[in-house]
Amino acid sequence: MNASADALRATFSTAIGRAVESCGDTIVYIASDRVLDVLRWLRDTPGHQYNYLVDVTAVEYRDRERPLEVVYQVRSLERRVDLRVKVELDPQGDLTVDSVVPLWQGANWLEREVYDMFGVTFRGHPDLRRILMWETYAEGYPLRKDFPLRGRFSRAEQVRQALATNPEAHYSLEELSIADAFAELPEDMKERLRRGERGKLPHSE
Amino acid sequence: MKHVLETKEVAGSPNWLTTRFEELVRWALRVTRVDKAVNWSRANSLWPMPFGTACCAIEFMATAASRFDFARFGMERQAFSPRQADVLICAGRLPFKLAPVIRRIYDQMPQPKWVISMGACASSGGIFDNYAMVQGIDTIVPVDVYVPGCPPRPEGLLYGVLLLHKKIKGESLLDPALRQEQPLDERGLRLPPETIDEISEPFGNSVHQFRSA
């Protein structure tokens, strides 16, 4: 059992649910409204330092009694220790948790994928849009258990809607460019980009 | 053909019918020869537009590379721009998200153009009978040759190309419908919706798939 599980319980007491060990990995269940606090503590506390967010995903079980789980897999690169943190949500209820993008920028697309496939809303996410399915996709959330394998619409309607979409609407040049993130890049990279001719950057002369 | 038969000669002269018949035969021969020459050159200089989306694209690349080398069959230059392409080779599964893309590529290709559907997924959806996948690209664009296989070996694709050669060599310049663009209809579909539903029906193993709702 990972020692961080007991440390979490000592710090957050009731916000921490059961902790189980599965195939050598420790899984800690936490309250859905404390995600940001718990993960920030895990990331920043000396002795724990889970500074790498490996994955954010979700699980819905075929057993309808079981809750839908949002899974955070974190790893400490220095200590070489993994920890899995799970949040349980009622699949019939409000599927909302806090976004962890303020802690890890890399959570951005991971949370978009969970939103796209399961319909979980991440509170405070900067850009919560579908990422795999196209934006006008109207059939629901494909990885939910109540979603039919072949989709909700007839094949003809699916083909019609697919052909009616504008291919440029999903992949704009703006989306692919790094212009928006330019201010956040390290100085040396900015310098290299200024020298090179890679499109138009906001601060280049 | 009309202008050949319209003539100032007096109809009814003894040689009239024979002369007309000879002219007709000569004209037909000429057209056939032109057909033959045009089709021969078209068939032997097909520029493929590769549309590779999955493992079939690996076999496609093997077909293009030195061991199998489809340049031997006139496909010397791969056209990565639809405007310079003759044959669209869809190698791999096509998700609905890519359906408008392949349709646009097909529309951008100039006539004459042909389409090869390479592999089980492009031809029928294959094992991917699910919410995300087009069940056969013939619901999106007209297809000339289907190459079965998962994925087909390069020999399979080459055989498909040779079948396409055969098809091209049987075409006639006199058939105006052959080279007509087929835009989407007012519903935004290529085929009637009933037809799409019918050809997208589950078949083979996928009829046993569990449908949870």
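Start with chain B: 31% of its 213 residues count as buried. Buried here means that 20 or more other C-beta atoms, placed from the backbone, lie within 10 Å of the residue's own. This is a predicted model, where local features need pLDDT of at least 70, side-chain atom pairs count only at pLDDT 80 or more, and totals for chains, interfaces and linings use all residues. Residues are numbered from 1 along each chain as its sequence is written, while chains are lettered from A and ligands numbered from 1 in the order in which they are written.

Stay on chain B and show the cartoon. You will see seven helices and four strands. These are DSSP runs, numbered from the N terminus: H or I of at least four residues for helices, E of at least two for strands. Along the sequence the order is α-α-β-α-β-α-β-α-β-α-α. Now trace the contacts (C-beta atoms, placed from the backbone, within 7 Å). Of those between residues at least 6 apart in sequence, 79% join residues at least 24 apart.

Next, select the contact between the chains. Chain B supplies 26 residues and chain A supplies 21. On the chain B side, pick helix H4 (99-108) and helix H7 (193-199), the elements that give two or more residues. H4(B) gives the most, with five residues.

Move to chain A. Select strand S1 (residues 16-22) and strand S2 (residues 25-30), which pair in the antiparallel sense over five bridges. Pairing requires at least two DSSP bridges between the strands. Zoom in on A:Ser22; its bridge partner in S2(A) is A:Asp25.

Definitions and conventions. Two residues are in contact if their C-beta atoms, placed from the backbone, lie within 7 Å. A residue is buried if 20 or more other C-beta atoms lie within 10 Å of its own, exposed if 12 or fewer, and partly exposed in between; C-beta atoms are placed from the backbone.
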